[in-house]
Amino acid sequence: MAAKDEGAGAELPGVGDGRQKHVTVLTESNERVEHGDCYLRYTDDAFLVADDPQFEDVTTYEKTETRRLEVRQHHSTCFITTATAGEGPTLDELRGSARTPSGRRRPAALSSASTSG
């Protein structure tokens, strides 16, 4: 069974990306728990789920007592939108040479076979 921790507070434990998710946990005792619109962090030994990004009220699932944990990220197109509209060397690399500086797709180049008579 998951443990509830009140007031995790200032220093956030573990690792997480700070984005809202939907988490489904299946424990070793076959208890299925759904967490919608939540935040997830993890440590070497546990998964931490909270309703708020400050992790004030945390539900802890020990990894040894967790059979399966499924994560669905909200807004799955956020990455694509950022890569299309954002700026910076990483995003430019993701776009590749298929885009013009304005972000529009380059027209496909004609091959020599299609232009020969």
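This is a working chat about a predicted model of one protein chain.

Reader: What should I know about the model before I look at details, in terms of pLDDT and atoms used?
Author: The model is predicted, and local features need pLDDT of at least 70, side-chain atom pairs count only at pLDDT 80 or more, while totals for chains, interfaces and linings use all residues. Residues are numbered from 1 along each chain as its sequence is written, and side-chain values use heavy atoms, with hydrogens and water left out.

Reader: What is the mean pLDDT of the chain?
Author: The mean pLDDT (the predictor's confidence in each residue, from 0 to 100) is 73, and 54% of the residues reach 70 or more. Over residues 109-117 the pLDDT is below 50, and this stretch has one contact in the model beyond near neighbours in sequence, where contact means heavy atoms within 4.5 Å. Where pLDDT is low, the predicted coordinates should not be read in detail.

Reader: OK, and which pattern does the chain follow?
Author: Along the sequence the pattern is β-β-β-β-β-β-α-α-α, that is, six strands and three helices. Helices (H or I, at least four residues) and strands (E, at least two) are DSSP runs, numbered from the N terminus.

Reader: How many of the residues count as buried?
Author: Of the 117 residues in the chain, 24% count as buried; buried means under 20% relative accessible area, exposed means over 50%, and partly exposed is in between, with a 1.4 Å probe and protein chains only.

Reader: Which residues make up the largest nonpolar core?
Author: That core has eight residues, namely Val23, Val25, Val33, Cys38, Leu40, Phe47, Val49 and Tyr61. A nonpolar core here is a set of buried Ala, Val, Leu, Ile, Met, Phe, Trp, Tyr and Cys residues joined through side-chain atoms within 4.5 Å. Strand E2 (21-27), strand E3 (32-42) and strand E4 (46-50) are the elements that each give two or more residues to this core, and the largest share, three residues, comes from E3. There is also a second, separate core of six residues, which includes Tyr39, Leu48, Phe55 and Val58.

Reader: What is Val33 in contact with?
Author: Leaving aside neighbours within four places in sequence, Val33 is in contact with Val23, Thr24, Val25 and Tyr61.

Reader: Switching to charges over rings, what lies over the face of Phe47?
Author: Lys63 does, at 5.2 Å from the ring centre; a charge sits over a ring if NZ of Lys or CZ of Arg is within 6 Å of the ring centre and within 35 degrees of the ring normal. Lys63 is in the loop between strand E5 (57-62) and strand E6 (66-73), and is partly exposed with a relative accessible area of 30%. Not counting residues up to four places away in sequence, Lys63 touches Tyr42, Thr43, Asp44, Asp45, Ala46 and Phe47.

Reader: And which residue lies over the face of Phe55?
Author: Arg41 lies there, at 5.9 Å from the ring centre.

Reader: Is Phe55 itself buried or exposed?
Author: Phe55 is buried, with a relative accessible area of 2%, and is located in the loop between E4 and E5. Phe55 also has a positive phi of about 55 degrees although it is not a glycine. Asn30, in the loop between E2 and E3, likewise has a positive phi, of about 65 degrees, and is not a glycine.

Reader: Where is Asp52, and what does Asp52 touch?
Author: Asp52 is in the loop between E4 and E5 and counts as buried at 17% relative accessibility. Not counting residues up to four places away in sequence, Asp52 touches Tyr39 and Asp57.
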